[in-house]
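Colleague: I am new to this one, and I would like to understand the words you use for it. Could you show it to me and let me ask about them?

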Amino acid sequence: MKWKKFTIETVTQAEDIIISALYDIGLEGAQIEDRIPLTDAEKEQMFVDILPDGPEDDGIAFLSFFVEETEDGRLNVNGEETDTAALLERVREELEGLSSFMEIGKGSVEVDETEDVDWINNWKQYFHQFYIDDLLVIPSWEEVQEQDRDKKILHIDPGTAFGTGMHETTQICIRQLKKYLTPQTRLLDVGTGSGILSIVALMYGIKEAKGTDLDVCAIEAVRENKKANGIMEDRFAVLIGNVITEKEIRDKLGYDCYDIVTANILAEVLIPLAPVIVPHLKWNGIFIASGIIDDKENLVRAAIEEAGMEVLEVTYQGEWVGITARKTRG
């Protein structure tokens with residue numbers, strides 16, 4: 001299958017208006033490329049593996065729309081057939097009309113042809129098996145080699161929404177977890193994603209785990225990864241919701257009952273999370289926080305200490321920092 005790609009160069013302030021205008025003529029599902037930084041509120045909603053700082057916003061945006069092309073070169077828009085020249089003219093007319101009362105920047109339109117791509121699976125070519133110390137991490141689409149069959153193996157399928165375990169912050173968490181877990185450990189993983197941290201902890205012999213995530217897709221990702229690693233259903237449960245803002249979620253998790261809490265998320269989330277998580281930890285319980293870019297180490301450390309925890313260890317890998325602390329009050 002082939003697609004015509006219509007890409008408009010504009011300014012960030014005009015993104016929504018242009019998308020709305022082109023939606024009215026049948027162009028849907030805009031792909032937006034810009035350099036607008038995330039707001040603090042957006043960062044606090046991202047219980048995910050790491051979003052590094054991007055380049056400074058230059059005010060420029062590129063909006064791309066994809067239209068299916070038939071074998072004879074016709075396009076289907078809103079159930080009606082048209083051709084590239086006619087659709088291009090419609091787009092330019094809409095942009096010209098908008099430019100008469102607002103700034104749309106360059107307002108140019110480029111047309112390219114692109115082959116159909118398996119967007120869901122194409123990224124898998126970049127994820128191959130690797131080791132985290134003695135643990136072999138292997139994606140679901142690869143086979144375990146004969147010489148590795150006696151190793152401790154984590155089978156993982158992150159899907160398209162979650163991390164693979166390759167990121168330095170995840171590896172920091174896994175190494176710290178292994179230092180503190182026992183057969184009686186109850187673990188809470190905030191921002192569990194594909195469930196890597198909890199599943200690894202269960203593989204190393206903890207009693208049970210719970211996870212929270214904002215993305216409902218985590219439920220299916222965790223279910224598949226539990227099955228792949230032989231984890232019993234009742235040993236690892238996931239709640240969907242925001243532990244920082246939703247008391248109902250906190251109540252469901254329970255208080256003073258976790259030996260270890262992990263949070264491999266952004267510094268902007270770790271700071272408000274620290275005081276919230278303390279009531280869920282047992283006395284002397286361990287908090288493992290990762291996902292901290294090096295220049296934010298002091299901010300996160302201060303929040304952890306102010307929340308009533310004693311910092312035990314600060315670990316580094318690349319430009320990333322992990323902080324391991326113990327609940328001493330609160």
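Colleague: What share of the 330 residues in the protein chain is made up of buried residues?

Modeller: Buried residues make up 45% of them. Please keep in mind that this is a predicted model. The chain has nine helices and 16 strands, and its accessible surface comes to about 16600 Å².

Colleague: Why is Val216 called exposed?

Modeller: The word is used for a relative accessible area over 50%. Val216 has 57% relative accessibility, so Val216 counts as exposed. You will find Val216 in the loop between β11 and α6. Together with Ile219 and Ile240, Val216 makes a nonpolar surface patch of about 240 Å².

Colleague: And what makes Pro183 exposed?

Modeller: The cut-off again is over 50%, and Pro183 is exposed because its relative accessible area is 59%. Pro183 sits in the loop between α4 and β10. Leaving aside residues up to four places away in sequence, Pro183 touches Gly205, Ile206 and Lys207.

Colleague: Why do you call helix α5 mostly covered?

Modeller: Buried means under 20% relative accessible area, and eight of the eight residues of α5 are buried. Among them are Ile196, Leu197 and Met203. Just after α5 comes Gly205, with a positive phi of about 105°.

Colleague: How do you know that Arg74 forms a salt bridge with Glu81?

Modeller: A side-chain nitrogen of Lys or Arg has to be within 4 Å of a carboxyl oxygen of Asp or Glu. For Arg74 and Glu81 the closest N and O atoms are 3.7 Å apart, so the pair meets the definition of a salt bridge. With 28% relative accessibility, Arg74 counts as partly exposed, whereas Glu81, at 52%, counts as exposed.

Colleague: What makes the contact of Arg175 and Asp133 a salt bridge?

Modeller: The N to O distance for their side chains is 2.9 Å, and the limit is within 4 Å. This pair links distant parts of the chain, with Arg175 in helix α4 and Asp133 in the loop between β7 and β8, 42 residues apart. Arg175 counts as partly exposed at 27% relative accessibility, and Asp133 counts as partly exposed at 46%.

Colleague: Why do you say that Lys178 and Asp134 tie parts together?

Modeller: Their side chains meet in a salt bridge of 2.8 Å, N to O. Lys178 belongs to helix α4 and Asp134 to the loop between β7 and β8, so the pair ties together parts that are 44 residues apart in sequence. A search of the whole structure finds 17 salt bridges.

Colleague: Which residues have the most contacts inside the largest nonpolar core?

Modeller: They are Val190, Leu270, Leu273, Phe287, Ile304 and Met309, in a core of 33 residues. Helix α8 supplies the largest share of this core, seven residues. A second, separate core has 27 residues, including Ile174 and Phe236.

Colleague: How do you know that β15 and β16 pair?

Modeller: Two strands pair if there are at least two bridges between them. β15 and β16 have eight, in the antiparallel sense. They form a hairpin with two residues between them, and Gly318 in the turn has a positive phi of about 60°. Gln317 stands opposite Trp320 in β16.

Technical notes: Residues are numbered from 1 along each chain as its sequence is written. This is a predicted model: local features need pLDDT of at least 70, side-chain atom pairs count only at pLDDT 80 or more; totals for chains, interfaces and linings use all residues. Side-chain values use heavy atoms; hydrogens and water are left out. A nonpolar core is a set of buried Ala, Val, Leu, Ile, Met, Phe, Trp, Tyr and Cys residues joined through side-chain atoms within 4.5 Å. Buried means under 20% relative accessible area, exposed over 50%, partly exposed in between (1.4 Å probe, protein chains only). Helices (H or I, at least four residues) and strands (E, at least two) are DSSP runs, numbered from the N terminus. Patches are made of residues with over 30% relative accessible area and no salt bridge: like charges are joined within 9 Å, nonpolar side chains (Val, Leu, Ile, Met, Phe, Trp, Tyr) within 5 Å. Accessible areas come from the Shrake-Rupley method with a 1.4 Å probe; for residues, only the protein chains shown count as cover. Contact means heavy atoms within 4.5 Å.
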